[in-house]
Amino acid sequence: MKSIFLILMVTLGYAHEGHDKMPGAVQAPHGGTVKGTSQLYIELVNEASGIKLYPLTHEMAPVAPKEVTIVATVQAPKKKKEAVKFTVADDHYEAKVDAKGAYRYTLELTTTYKGKKEKVVFQVEPQS
């Protein structure tokens with residue numbers, strides 16, 4: 001009986017306001033998924049028309065694409081890695097990715113910012 005009471009109290013203790021947010025969690029300004037390096041955050045927005053990458057500072061301010069170089073590969077399960085070609089928009093990179101019918105693929109990025117290269121990996125589920 002004590003264990004049921006303890007479980008109930010712990011559950012109710014987390015049910016109040018503010019516990020729906022993870023401490024240190026980063027809110028994606030464009031509704032995507034955010035991954036970080038030591039210098040940048042990269043936000044991936046996955047759409048039916050393709051993907052968009054937004055380089056951001058750790059304060060979530062946009063970084064101009066001309067300041068960041070991104071080289072990417074995509075690999076679907078049981079397929080070879082392929083290079084991804086990005087086009088540059090005002091504040092982001094865009095690319096069309098062919099998932100080759102896979103339900104998920106790995107997008108591996110190598111970013112270069114202020115002379116430092118770093119890797120970021122996203123698991124992406126294609127939008128239809």
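1. Let me start with Thr-57: setting aside neighbours within four places in sequence, Thr-57 is in contact with Tyr-41 and Val-63. Please keep in mind throughout that this is a predicted model.

2. Where does Thr-57 sit? Its place is in the loop between β3 (50-56) and β4 (68-75). Thr-57 has a relative accessible area of 18%, and since buried means under 20%, Thr-57 counts as buried.

3. On to the sheet that takes in β4. Four strands make up an open sheet in the order β5-β4-β8-β9, and their pairing is antiparallel. The edges belong to β5 (82-84) and β9 (116-124); each has a single partner strand, so one side of each is left without a neighbour in the sheet. From one strand to the next, the twist averages 25 degrees.

4. A closer look at one pairing in that sheet: β4 and β5 run antiparallel and are joined by 3 bridges. Ala-72 stands opposite Val-84 in β5.

5. A ring pair is described by the distance of the centres and the angle of the planes. The count here comes to 1 aromatic pair. Phe-86 and Tyr-93 have ring centres 5.9 Å apart and planes at 75 degrees, so the pair is edge-to-face. Are these two residues, Phe-86 and Tyr-93, buried or exposed? Both are buried.

6. One last item involves a charge and a ring. Lys-35 lies over the face of Phe-122, at 5.6 Å from the ring centre.

Key: Residues numbered from 1 in each chain as written. Predicted model: local features only at pLDDT ≥ 70, side-chain atom pairs only at ≥ 80, totals over all residues. Heavy atoms only, no water. Helix = DSSP H or I, 4+ residues; strand = E, 2+ residues; numbered from the N terminus. Buried < 20%, exposed > 50% of the residue type's maximum accessible area, 1.4 Å probe, protein only. Contact = heavy atoms within 4.5 Å. Phe/Tyr/Trp six-rings, centres within 6.5 Å; stacked < 30°, edge-to-face > 60°. Lys NZ or Arg CZ within 6 Å of the ring centre and 35° of its normal. Pairing = 2+ DSSP bridges. Axes fitted to C-alpha atoms, helices over the stretch in contact; angles between N-to-C directions.
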